[in-house]
Amino acid sequence: MTAPFPFSAIVGQDDMKLAMILTAVEPGLGGVLVFGDRGTGKSTAVRALAALLPPIRMVAGSPVNAETPEDTPDWAAAPSDEIVERPTPVVDLPLGVTEDRVTGALDIERALTRGEKAFEPGLLARANRGYLYIDEVNLLEDHIVDLLLDVAQSGENVVEREGLSIRHAARFVLVGSGNPEEGELRPQLLDRFGLSVEVRSPTDIEQRIEVIRRRDAYESDTDAFMTRWQAEDSVIRKAILAARQGLRGVITPDEILRDCATLCTAIGADGLRGELTLLRAGRALAAYHGEAALERSHLRAVGPLALCHRLRRDPLDEAGSATRITRAMDEVWG
Amino acid sequence: MSRESPAWARALRALTLLAIDPEGLRGLTLRARAGPVRQVFETALARLAGPARRIHPDLSDTQLFGGADIAATLARGKLVRAPGLADHPARLVLTMAERTRPGLAARLAQLLDSSPGHALVLLDEGIEAEEAAPITLTERLALYVSLEGIHHAAAKPLLPAPADLATARARLAMIRHAPGDIATLAVLAQSFGIDSLRAPLLALRAARANAAFLGQDEVTPDDLRLAAELVYPSRATQMPQEPEQQEQSPPEEPQDQAQASSDLPDIPDDILVDAIAALLPPALLDQLSQTRPNRGAATGSGAGQRRKALQRGRPLPARPGTPDGRARIDIIATLRAAAPWQGARRAARPEAKGLIIHPGDIHLRRYEDRSDRLLIFAVDASGSAAMARLAEAKGAVELLLAQAYARRDRVAMIAFRGTTADVILAPTRALAQAKRQLAGLPGGGGTPLASALEATLALARQAQGQGLSPAIAFLTDARANITLDGQGDRTQAAEDTKRLAGLLRAQGLPAIVIDTAMRPGPAPAQLAADMGARHLPLPRADARMISTAVTAALGD
């Protein structure tokens, strides 16, 4: 397995990178949805981010990547005491996956060979404390998406089937990507994703050339390329770790809460998820910048990410939804 | 070699390059119908070194990623794992690639992304333009070969000797390329409207492989040309702009910048552009005015839709097979298959208790998944149309209704006149009601075409959500004069119409525009093009002719 492309070496796509960093700082944000053209580095960015993050410490052989032996669920084999370091898991969810494979199910192999009723953990267990990446999320079957979002929000996977009753922790950051030309997501689902980003192929020829140049350098001499970008990557890593520490300490002034509320009312977002995500994302950004208090500038930066998928559809407004958010922010906050 | 064919030489070169750098080029898409030329090509393909496996579009996860070997596990009484294709890097040859479902395509794409040892060869036998291997895969594979127009006599499986290929492979890492080469390929890709950045990267790898093959130390312009010829034509979405157009069009900035920083070529060499342009599939020019075909949406084969469409799934005879997590075991059929053998099996294993079932007995349930079709009629009852052909249109719809009845289709009807479009009949099988509604449909007023499109779109989406496959028939003269918000403004109305038609096209539904205009004009044809629909001009037709035409256009 070769080393993933370094995160800091990704050219442009600043919104996507910012959104990913924010979820690394605050995993509770509720995932990222990346919609855009093919070959824009969506999956590269997810893998790069996971590689950038520090390894997690987990019980050796734990099916749910448990942090301590006590966290290991009782259905799994007796936990060993050995603690190992593993890279942050990134689990790919293939299209056409069955519910069994996602949630886990009766272990047919053991049922057949030993006549035992045992639980075979699914992809959700493997993704615990890491990332769950779904390419072409808009082609995924609805019931699977429902299930994923449900688990992603509760942080727990409950399986009640085939005479099994199993629960285990499943806290992961959901990253969905897709191409809007191939179908859209239902608004109910859109709303469940915390942040959403639209990516486009860069049109600036210089930028395109730079992308190809770096990718080529990476492919022809991976080691040298990794060394070259190590320093930049570690700057981001340190900032993320520091931000995780500082996140709880970020002060939220009352007028900022009011700002969130007025903005969400102005754009007519349903429910309160918009405000909450805006607030959390803003705090994560403030922590990432190492600042002590949340300010309007932070909200401005994350507003489009947190809100652009919560707008009512307007088939006639061709200005991208991000533009509409920016416009609303200018109107409301002056 | 009496009959040299450049197309065949290019096809062979593509194979050679794939043999030299399978990791970098990732694979090849072959688009050709079965025939002697393809046979020769496959012979050549089979001669390439390295392990190769043939796979088919119904490949199960167990075969691909490995899993328990059920037969061996049952026989030995302990878990035996069978390795999957993913465990052994190989050249995977996918036959009938045009029938690949999105699920398998996504898995294979994942496999290609995660394991550099695999290469994929797609054998695409599609006939129609829409019938093609999934873009998810073709986009990741560098090379594209079409065998169209190659004479059998020209096709000879002459590949370079394996030793030469091995030498070239060894040289590959040493090949250098000038810094400007990347720029050339990137500019070229952009001029053909190729958005993805994978294309220029893959082209660069192809150029390097070609340089290695020719024994050069660095990439020459000829290598670039060949690489571009092999990689770009299948991905092109537009013809490069003519120079004089470029002077007028505003986005000239990149060009200026390019000239300022001297190491970039301003415009790709004309020779390069011409070489690729000559290789573009002929249909591209026709498609350009519309857009590229929308995969997935075309027949509602999006992953979610097919299974949801099991509204009237009929059980089919059970079939022997191994449980792969997608199908359910048909217990009755399994027992029935095992029953006759119980005597013999018990004699062989007297110690066994209960039924003795072998893996070969296992039968799987199958259902026929066919979704109901919903025909949405949007009938223009405005003054302009009413005067002309409303009666005829009504007659046509009635005939279609009769056919729909025979096929147990559902119908829905939208009428638009005055300032609004109304769903006068929600999706129903009650065709008598449809007929009554239609007969009572009054005519007159403006033509709110945009509202009609909006209503159709909403209805079609709603129907898709319920697992129906909507098809749309628009009967109109396309003289839009009412805007979406009900104002009488011809220019704005035309703009609204165009946008909504674009949205409708994005859904990729089968659609037809039946031109009921008194005199032929460009508007209905334009509407059809905007909607991605068929245009059916009927100068003076009788109802029966409309009905046959619709049946043919919307397919069965």
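In chain B, two helices meet through a set of residue contacts (a contact means C-beta atoms, placed from the backbone, within 7 Å of each other). On the α10(B) side these are B:Ala199, B:Leu202, B:Ala203, B:Ala206, B:Ala207, B:Asn210 and B:Ala211, and they meet B:Asp223, B:Leu224, B:Leu226, B:Ala227, B:Ala228, B:Leu230 and B:Val231 in α11(B). Helices here are DSSP runs of H or I with at least four residues, strands are runs of E with at least two, and both are numbered from the N terminus. The axes of α10 (residues 198-213) and α11 (residues 221-231) of chain B come within 8 Å and cross at roughly 130 degrees. Axes are lines fitted to C-alpha atoms, for helices over the stretch in contact, with angles from 0 to 180 degrees between N-to-C directions. The pair α10(B) and α11(B) therefore counts as oblique (under 35 degrees is roughly parallel, over 145 roughly antiparallel, 65 to 115 roughly perpendicular, and the rest oblique). The crossing of α10(B) and α11(B) is right-handed, a label used when the near helix is turned clockwise from the far one by less than a right angle.

The model is a predicted one, in which local features need pLDDT of at least 70 and side-chain atom pairs count only at pLDDT 80 or more, while totals for chains, interfaces and linings use all residues. Residues are numbered from 1 along each chain as its sequence is written, and chains are lettered from A and ligands numbered from 1 in the order in which they are written.

Chain B also holds an open sheet of 5 strands with parallel pairing, in the order β2-β5-β6-β1-β7. Two strands pair if DSSP finds at least two bridges between them. At the edges of this chain B sheet are β2 (52-55) and β7 (143-146), each pairing on one side only. Its neighbouring strands are turned by 15 degrees against each other on average, direction ignored. Strands β1 (residues 27-31) and β6 (residues 119-124) of chain B run parallel and are joined by 5 bridges; B:Thr29 stands opposite B:Leu122 in β6(B).

Now for chain A, whose secondary structure comes to 13 helices and 11 strands. It has an open sheet too, with 5 strands in parallel pairing and the order β4-β7-β10-β1-β11. Strands β4 (90-93) and β11 (195-199) of chain A each have a single partner, so one side of each is left without a neighbour in the sheet. Strand β1 (residues 32-36) of chain A runs parallel to β11(A), with 5 bridges between them, and A:Leu33 has A:Ser196 as its bridge partner in β11(A).

Of the 334 residues in chain A, 47% are buried (20 or more other C-beta atoms within 10 Å; exposed is 12 or fewer, partly exposed in between, with C-beta atoms placed from the backbone). The largest nonpolar core has 85 residues, and A:Tyr131, A:Leu195 and A:Ala281 touch the most other members. Such a core is a set of buried Ala, Val, Leu, Ile, Met, Phe, Trp, Tyr and Cys residues joined through C-beta atoms within 7 Å. Helix α11 (residues 273-288) of chain A gives this core its largest share, 8 residues. A second, separate core of 77 residues includes B:Val37, B:Leu108, B:Leu120 and B:Ala186.
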